[in-house]
Each structure stands twice: as C-alpha cells, then as structure tokens.
Amino acid sequence: MYELIVLLILVVAIVLVTARWKISPFLALIGAAILAAFAYRIPLAEVAGTVTTAFGTTMGNIGLVILFGTMNGIILERSGAAISMADALIKVLGTRFPNLTLTIIGYIVSIPVFCDSGYVVLNSLRKAITLRTGVSGLATSVALMTGLYATHTMVPPTPGPLAAAESIGIADNLGLIIAVGLPVAAISALAGLFYASRFNKSQWTALPSEDENDLADLDYEQLRASFGKLPHPALAFLPILVPLVLICASSIAKLPSQPLGGGTLVEVLSFLGTPVIALIFGLLSATLLLRGENKLGDFNEQMHESVRTAAPILLITGAGAALGAVLAASELTTILSDSLSGLGLGLAVPFLIAAALKSAQGSSTVSMVTTSALVAPMLGSLGLDSELGMVLSVLAVGAGAMVVSHANDSYFWVVSQLSRIPVITAYKTLSVATAIQGTAAFATVWILGAVLL
C-alpha cells in the first residue's frame, strides 16, 4: 500500500508542478525520479546510476531517431512537401474525415515502427491536414496518436508484441497473432477515433511557439500560397516512404520463419531497416525537396532549427525514462504483479498486470515484456494454455500496455510537445484516449475469449 501511495503522490506532484506552476517537465520528472528513489528506499549508491543510465540508454535508443525524424519533418514543412502530401491524400479520401485519414495512416505505419518515431515522422503531415481541413489540432493529434498506438502494442513485428509472443510460447505462430491482432487493433483505433471526434470544434489554446515562422500559425490558404509551386506528391512522400519501406523490409527479413532466407541480403536489410539508418536515408531523400540557389545554406539553417526543436523533447523523454527506471527498480512492480496474479480472472489477469506496470513505469514495451514473462507460468491455471488462449493472452497484454499513457511515458511527451498541447490538456485528452482504447481492445479480446475458448 505504501508503494502505491507514493506513486499516486508522485503523479499528482508532477501534474501540479508542470500544469499549475509551469515548472519545466524535464526538471519535474528528474526531481520525481530522485524523490521516488528515496521514497522506495533504493540504495543511495544506486540512485545516480539508475537515473543516468536510464537517461543515457533512452537517448541512445531513441535520441537520434527523434533528431533525424525532426530534421526530416522540418524539411517537409519548410519545402511545402507536407502541404503537397495533404492535398494528395485529401484528393483520395476527401476533406470530410481528416481524423479518419490520420487514424488509418497511424494504424498502418505503427505495425513495423515504434509509435514515438511514427509520430515524429508524421507530425508535419498531421499539421498540414489540420490546416487544410480546419479541424481542431487537438482532434488530429488524438486521432494520429491513437492510430499509431493501436498496432504498436497489438501487432507483430513491433518488438513489444513479438517479445510477448516469445515469452508466452506462441512465437512460432505469428500469423495467427497478426490475423487476430489486426481487427482487435482496428477496434481500439476506432475507439480512439470516436474520442478524437469530440474535439473537432474544440477552441483549445496551443503552447506558444518559440519559432516566429512556425507554419501552424498561418491559415491553410496563406500557408499554401507562401510556398508558390508545391513539390510533386511523389517527391513529397519519399522522405516518409523511404524509412518506412526500409524498416518494413527489415522486419520481414527478421521474422522467425525467415521468408527471405539468410545470408548477406538479410544482414543488409537488417542494417538499412535500423530506425536511425532508415531515417538518415529518409533525410537524404528529403534534400531532393530543397529548391533555389542557396540549397546548402537553407539546409544548414533547417538543421540548426531542427536541433532547437528536438532538444526539449529529447530532455523530457530521457527524464521520463529515468523516472520509469526508478519505479521499475523498486518493489512497486513486484507488489502489483503479486497482488493481481492470484485473483483468478482469466484474460483479465494479463491485462490488469500489464496496465498496472504500464501506468507505473511508463514503457509499453517493458510492460509487455515483463507481464508476458510473469503470466507465462500461470496460463494453465488460467485456462489459457491452448494455442488460441496464448494468442489472446498476448493481445490482452498488449491492451493493458496502452493503459494509461501519462507523465512517465516518452510517447506522452513526444505527442504533447510536438503538437504544442499544454500539459494539463494532455492529461485530460491524451491520457484519457489511451485508457479508452486500451479498455476497448481488452473488451474485444474478452468477448473473443468468451466465444472461442
């Protein structure tokens, strides 16, 4: 009980200092991580190492991805490519359903790509569609976020569900997980879409931009006219498609069934599909969008701007990871797991454990890996040791790993900061959206279990 009370106090404190007193989220999260270490009686000799190691590891894992993705996005914005993409998509899908457009894009993109990286890459497109259609930026942010989140936790070959399948013992039948996971993820994404539609006409106030030339401060027609002749849609989509195709090809090459065999081809595809390498190639393709006589000068200026844009996101993301590492090193996760595992609730057990771990330490992937390892020995007693039972267990873990994204989740900060959503608004919308879609996903899994098991 003590550990849960401490967690509640920390979450409330983070909300207060960031939303009411306007303290930097980076300082609030680092402070919370250190206070949590003391409160959970982590040995003093391990406190600094736990915080700095988690911060550094996160920067190593996602720092360059965010930076190169931001560079890519800045060129897409400044060249008018994002506007060209928005026009092309709207010609196909129309202007009536911008949230649906972004949900579908996010749902597809996040099958092979981490949701954090996907949002970074697609944010400029989201902004352009928002301006093109006149819908609230809050609505499009929620729609894209939830679309990405749905398949990120439910559909292999994203690492979380893949690792869960391996731990539970169903990795040799990924096809069945994908076949069941895709419709479950679609229902989850639709739940997020319906929630996003509540904000279509919302008159919310975005955080002020430090860049006086931010494109989001113009209306769509002014924005379109400011670029003159827009890039061809094929060139405009290239910086997004190149990294996505490379990452997808790498994911296919590394499937346990080895559809492409082994050898040099798989090694090359695995290298090219590493998110950092793929985004570097995306950035190289983005340079084709540079126009005018001073291409090198424009490129350098946009790269400097990208660093300024990415820096606060990187710091906040690392600080959130530090807090998550401290919570993971405490007795909190063990207490949560032990208290839930003996309740005999069938598919609700992996869902509740994953949800508790996700809310406690922030990472969906860590939640899925940890939960699947914990529930694997219990599957027989829970009546889930059949092939379909194991598949549904993986999906229940994935549903729990959505609930709920808040201050200790890097994705929460990536979405809120890139979309310029105030912290208090983000808690009221982004966190609620992930709770709704996670619950919708589990309800679907539970119904399937009741009918098929």
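Buried means under 20% relative accessible area, exposed over 50%, and partly exposed in between. These legends describe a predicted model.

**View 1. Two rings, F412 and W413, meet edge-to-face.** W413 has a relative accessible area of 1%, so it is buried. F412 is buried too, at 0% relative accessibility. The ring centres of F412 and W413 lie 5.0 Å apart. Their planes stand at 90°, and so the pair is edge-to-face. Y427 joins in: ring pairs link F412, W413 and Y427 into a cluster. In the whole structure, a search finds 6 aromatic pairs.

View 2. A pair of aromatic rings is described by the distance of the centres and the angle of the planes. For F26 and F55, the centres are 6.5 Å apart and the planes are at 70°, which makes the pair edge-to-face. F26 has 23% relative accessibility and counts as partly exposed. F55, at 21%, also counts as partly exposed.

**View 3. Helices α2 and α3 pack at an angle of about 145°.** Their axes are 10 Å apart. The crossing of α2 past α3 is right-handed. From α2, the contact uses F26, I30, A33, A37 and F38. From α3, it uses L44, V47, V51 and F55. What classes of residue make up this contact of α2 with α3? It has 9 nonpolar residues, no polar ones and no charged ones.

**View 4. Helices α4 and α6 cross at roughly 65°.** Helix α4 covers residues 81-93, and helix α6 covers residues 115-133. Their axes come within 8 Å. This crossing is right-handed. On the α4 side, the contact is made by A82, I83, M85, A86, D87, L89 and I90. On the α6 side, S124, L125, A128, I129, R132 and T133 take part. By class, the contact of α4 with α6 holds 9 nonpolar, 2 polar and 2 charged residues.

**View 5. R41 and R420 each have a positive phi.** R41 is not a glycine, yet its phi is about 60°. R41 lies in the loop between α2 and α3. Is R41 buried or exposed? It is exposed, with a relative accessible area of 63%. R420 is also a residue other than glycine, and its phi is near 60°. R420 is found in the loop between α19 and α20 (423-452). With a relative accessible area of 17%, R420 is buried.

**View 6. A cis peptide bond runs from V403 to V404.** Its omega is near -5°. V404 has its place in the loop between α18 and α19 (410-418).

**View 7. P159 is found in helix α8.** This helix covers residues 159-168. P159 has 35% relative accessibility and counts as partly exposed. P159 and S410 are 251 residues apart along the chain. Their C-alpha atoms are separated by 16 Å.

**View 8. Helices α15 and α18 mark the two ends of the confidence range among the elements.** Helix α15 (residues 332-341) has the lowest mean pLDDT, 65. Helix α18 (residues 387-400) has the highest, 94. Over the protein chain, the mean pLDDT is 82. A pLDDT of 70 or more is reached by 92% of its residues.

Conventions: Residues numbered from 1 in each chain as written. Predicted model: local features only at pLDDT ≥ 70, side-chain atom pairs only at ≥ 80, totals over all residues. Heavy atoms only, no water. Phe/Tyr/Trp six-rings, centres within 6.5 Å; stacked < 30°, edge-to-face > 60°. Buried < 20%, exposed > 50% of the residue type's maximum accessible area, 1.4 Å probe, protein only. pLDDT = per-residue confidence, 0-100. Helix = DSSP H or I, 4+ residues; strand = E, 2+ residues; numbered from the N terminus. Axes fitted to C-alpha atoms, helices over the stretch in contact; angles between N-to-C directions. Left-handed = near helix turned anticlockwise from the far one by under 90°. Contact = heavy atoms within 4.5 Å. Nonpolar A, V, L, I, M, F, W, Y, C, P; charged D, E, K, R; others polar.
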